[in-house]
Amino acid sequence: MQSTSDEVLIGRIANGDRLAMQVLYARHHVRVFRFVIRLVRNETTAEDLISEVFLDVWRQAGRFQGRSSVSTWMLAIARFKSLSALRRRPEEEFDEDSTAAIEDEADDPHLTLEKKDKSALIQKCLAGLSAQHREVIDLVYYHDKSVEEVAAIVGIPESTVKTRTFYARKRLAELLKAEGIERGWP
Amino acid sequence: MNAISKEPERQELEMLLPWHATGTLSRRDSDRIERALAADGELARRYALVREELAETIHLNESLGAPSARVMEKLFGAIDAEEARAPRRPPSFDLAARISEFLAGFTPRTLAWATGVAALAILVQAGVITAVVLKDDSAPVNGGPKLASVNRGSFAVVRFAPQATASEITNFLGAYKASLVEGPLKAGGGLYRIRLAEGALPPGDVGKIVHQMQEESRIVGFIAAAD
């Protein structure tokens, strides 16, 4: 059975349909939350922000033009709100590597064992990328966004999306190398 | 098989590997990369790294959990408060949106499948519009006398192309700030009357808009200025 498309839900929300809003929320809130928490790194802030994101969707549904998918539109709103929140917290720089902020778990015997696991190390290094690099990696790998969609969400040219993703991957390789994982690239 | 000898070409393809891994590239680029992967062992090795990153990014994100129930409570609390302060107007006579919603069930392929199916789709569309018009005519009109206003403004009659999807029609009307006010017309042929502007535009301006709309042949089959 075909489910109601996001675009149809937005049309209903524009007419004040609360149930359509609930369906849209149920469908997207987890992914929007994960996108936001990866940027702001604070669960309470992320929860406050997604509430604001969906409230904006409720308010602006009537102005949705359909030039992008609904999820792309919502992620763009989420990004804008996350950056505004980060600007209010100057200790979090958006464009710097966050490796220093990653907790050193070396003293925990259980996690020391886990650290030997390549998978855990890659995830640690992914978490250690700068917010700017994290967001393109997440949009591409986790949110399945095309080059065009990432460009629309981040507000940069498509060519920049490609190079930024490339350099994010290069940075990831450097972080892995520092952790003892040599991948033979770059 | 020949490896890709030019590093710039390899780098160009390599930049696209993340999107190839997630299946979000165009068919053309995807085919290009498939051919290159088959011919270039080093590129294939690097693609394996991309797939590893993809898997770990998914694992990482899936481990982030979900927001608590308080978020939904807060959201709908805010919505309720907003509605109590300034209730929205009841659903308006938004024919385009209603057509869009109804036709959302049809894929473009279905609509373009055959002339017969397309004709049937137009008949169904016509039936739905008639039903909506009749329904709205008897409905309370708190937002104003919607149907009475169909005689004010600048108008055109249009027949949408059979392959035009519902969202394309909606976007098309939105882009021109036009609205669907009446149809199908008794003249037949799946014609609809659309309003181009709230006020009476000079004939030259109407002609210009109609000409621009006619250029969008994927959506518009026929269009002419109307009274």
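Predicted model: local features only at pLDDT ≥ 70, side-chain atom pairs only at ≥ 80, totals over all residues.

Modeller: Happy to! Let us begin with a term: a salt bridge is a side-chain nitrogen of Lys or Arg within 4 Å of a carboxyl oxygen of Asp or Glu. The idea behind the term is that side chains of opposite charge can pair when their charged atoms come close. By this rule, 10 salt bridges cross the interface of chain B and chain A.

Residues are numbered from 1 along each chain as its sequence is written, chains are lettered from A and ligands numbered from 1 in the order in which they are written, and side-chain values use heavy atoms, with hydrogens and water left out.

Now to the contact as a whole. Contact means heavy atoms within 4.5 Å, and here 53 residues of chain A and 45 residues of chain B take part. Together, chain B and chain A bury about 4800 Å², with 58% of this area on carbon and sulfur atoms. (Buried area is the accessible area, found with a 1.4 Å probe, that two parts lose on being put together, summed over both.) Of the area that chain B buries against chain A, 14% comes from W19(B), E53(B) and R88(B), more than from any other three residues.

There are also 23 residue pairs in polar contact between chain B and chain A, both residues being at pLDDT 80 or more. A polar contact is a pair of N or O atoms within 3.5 Å; within protein, one must be able to donate a hydrogen and the other to accept it, and residues adjacent in sequence count only if both atoms are side-chain atoms.

Which helices of chain B each supply at least two residues of the side that touches chain A? They are helix 1 (7–22), helix 3 (41–62) and helix 4 (69–85). Helices (H or I, at least four residues) are DSSP runs, numbered from the N terminus, as are strands (E, at least two). With 14 residues, helix 3 of chain B gives the most to this side. By kind, the residues on the side of chain B that touches chain A are 20 nonpolar, 11 polar and 14 charged. Here Ala, Val, Leu, Ile, Met, Phe, Trp, Tyr, Cys and Pro count as nonpolar, Asp, Glu, Lys and Arg as charged, and the others, Gly among them, as polar.

Let us zoom in on E53(B), one of the three residues named above. Its side chain meets that of R169(A) in a salt bridge, at 2.7 Å from N to O. E53(B) also has a salt bridge with R183(A), at 2.8 Å from N to O. This second pair crosses between chains, running from helix 3 of chain B to the segment after helix 9 (158–178) of chain A. Are E53(B) and R183(A) buried or exposed? Both are buried; that means under 20% relative accessible area, whereas exposed means over 50% and partly exposed lies in between (1.4 Å probe, protein chains only).

Another pair across the contact is K118(A) with E52(B), a salt bridge of 2.9 Å from N to O. K118(A) belongs to helix 6 (residues 118–127) of chain A and E52(B) to helix 3 of chain B, so this pair joins two chains. K118(A) is partly exposed, with a relative accessible area of 37%.

There is a network too: salt bridges link E52(A), D56(A), R59(A), K81(A) and E82(B).

For a view beyond the contact, the structure holds 27 salt bridges over all chains. One pair within chain A is D138(A) with R38(A), at 2.7 Å from N to O. D138(A) sits in helix 7 (residues 131–142) and R38(A) in helix 2 (residues 18–40), both of chain A, so the pair ties together parts that are 100 residues apart in sequence. D138(A) is buried, with a relative accessible area of 1%, and R38(A) is buried as well, at 6%.
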